[in-house]
Amino acid sequence: MALGLVSIRRASSSAKGYNGGQIGGNDVDKADQIQWRLLNRRAFIRQGTLFLAGSTLGGSCGIAPAEGPEKPKVRIGLVTDLHYADKPPAGPRYYRETPAKLAEAAKRFEEQKVDLVVELGDMIDSADFLHVEKGYLRRIVKDFAAIPGKHYYVLGNHCVSALTKPEFLEIVGQKASFYSFDVKGYHFVVLDACFRSDGKPYGRGNFDWTDSNISAAEVEWLSADLKQTAHKTVVFVHQRLDVEPPLGVKNAPEVRKVLEASGKVLAVLQGHEHQGGYQEIGGVRYCTLKAMIEGSGPENNAYAIMDILPADSIRIRGFRKQKSYDPL
Ligand SMILES: [Zn+2]
Ligand SMILES: [Zn+2]
């Protein structure tokens, strides 16, 4: 598609939220072990891109999918599970290729004039020493923060496997681990599912990655936050709210109830399960994006642009290995 370099519109937004606590531990995202349920939808071709009618799975593509005729009200660049580390590949994870993959996404986001960019967690992978891991984070945050637009970080279990939450937040320049903000008449909520069942925040190896929870205080905050907003809302979270553990949040049913009761949530965007996925529960759409880290070379990159369209429908254009959903 023909895209020119353009000046960037900066979204007017204001953040409010809570301070997070601590983190730590090690995890293996066992995406490969999880059966991905393909929904049986009618496929069609439009402008050279495969879409699936009715919303679920769009075309995985090495080229940009068609933008469509409708102008977005808000445009969001999305990346997840970058797992950046300066270390040799392990299995399907090519840690040193992340900066090049992110650079491609950054270029696309700039061309497409996104209003904001959201990183959905697991930005780094582990190192043998804390100072080295902090170096990984500083390195990749420098690239992410250079993308024009506002930047928002979601905490993933790997983000804090060595660091504490305050250490992570300080490096990325964010005050809170869960918070909300408004952009162009829409409300956005960032959740932090890095809490243990006993309510304690993850912190330096004190957690099992399968024990992911939204804390009681956070659920209370979420409920109040959704009540106070007059706007339609999009939620960002790392661990999944639409599946059971080990990849899902343990108290996801309680959180889903809050989301459904609000009647305001358009979609929930997630990471953590590296192969991605999609499903709808109780009228809320849950879209899990594919990890950027999996596979070598640009053809294995994965990132997305989400548009909120008039009438509050959502279009997700997937690039490289990321699927498109048109529209949700
Ligand atoms: Zn991950
Ligand atoms: Zn994860």
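Reader: What makes the span of α1 close to the expected one?

Author: Happy to start there, with the reminder that this is a predicted model. α1 has 14 residues, and its first and last C-alpha atoms are 20 Å apart, close to the 20 Å expected at 1.5 Å a residue.

Reader: Which residues of α1 are buried, and what covers them?

Author: The buried ones are T98, K101, L102, A105, A106, R108, F109 and E110. Their cover includes β4 (74-79), β5, α2 (130-145), β13 and β14.

Reader: Why do you say that the buried residues of α4 line one face of the helix?

Author: The residues in question are E218, L222, D225 and L226. Seen down the axis of α4, they fall within an arc of 95°, and therefore they line one face. They pack against β7 (178-183), β8 (186-190), β9 and α5. The face turned away from this buried side carries the exposed residues A216, A217, E220, A224, K227 and Q228.

Reader: Now the sheet: what is the order of its strands?

Author: It is an open sheet of 5 strands, ordered β6-β5-β4-β13-β14, with mixed pairing.

Reader: Why are β6 and β14 said to stand at the edges?

Author: β6 (150-153) and β14 each have a single partner strand, so one side of each is left without a neighbour in the sheet. Neighbouring strands here are turned by 20° against each other on average, direction ignored.

Reader: How many bridges join β4 and β13, and in which sense do they pair?

Author: There are 5 bridges, and the pairing is antiparallel. Within β13, I305 is the residue that stands opposite G77. α1 packs on this sheet, where it touches β4, β5, β13 and β14. The direction of α1 makes about 175° with that of β4.

Reader: Why is K113 called partly exposed?

Author: A residue is buried with 20 or more other C-beta atoms within 10 Å and exposed with 12 or fewer. K113 has 17 such neighbours, so it counts as partly exposed.

Reader: And why does A311 count as exposed?

Author: A311 has 8 other C-beta atoms within 10 Å, and the limit for exposed is 12 or fewer, so A311 is exposed. A311 lies in the loop between β13 and β14 (314-320). Its phi is also positive, near 70°.

Reader: What makes E299 exposed, and where is E299 found?

Author: E299 has 9 C-beta neighbours inside 10 Å, so by the limit of 12 or fewer it is exposed. E299 is found in the loop between β12 (284-288) and β13 (302-308). E299 and R320 are 21 residues apart in sequence, with their C-alpha atoms 5.8 Å apart in space.

Reader: One last point: which form does the peptide bond from P245 to P246 take?

Author: This bond is cis, with omega near 15°. For context, most peptide bonds are trans. P246 is found in the loop between β9 (233-236) and α5 (252-262).

How values were computed: Residues are numbered from 1 along each chain as its sequence is written. Chains are lettered from A and ligands numbered from 1 in the order in which they are written. This is a predicted model: local features need pLDDT of at least 70, side-chain atom pairs count only at pLDDT 80 or more; totals for chains, interfaces and linings use all residues. Helices (H or I, at least four residues) and strands (E, at least two) are DSSP runs, numbered from the N terminus. The expected span of a helix is 1.5 Å times one less than its number of residues. Two residues are in contact if their C-beta atoms, placed from the backbone, lie within 7 Å. The arc is that of the directions from the helix axis to the C-beta atoms. Two strands pair if DSSP finds at least two bridges between them. Axes are lines fitted to C-alpha atoms, for helices over the stretch in contact, and angles run from 0 to 180 degrees between N-to-C directions.
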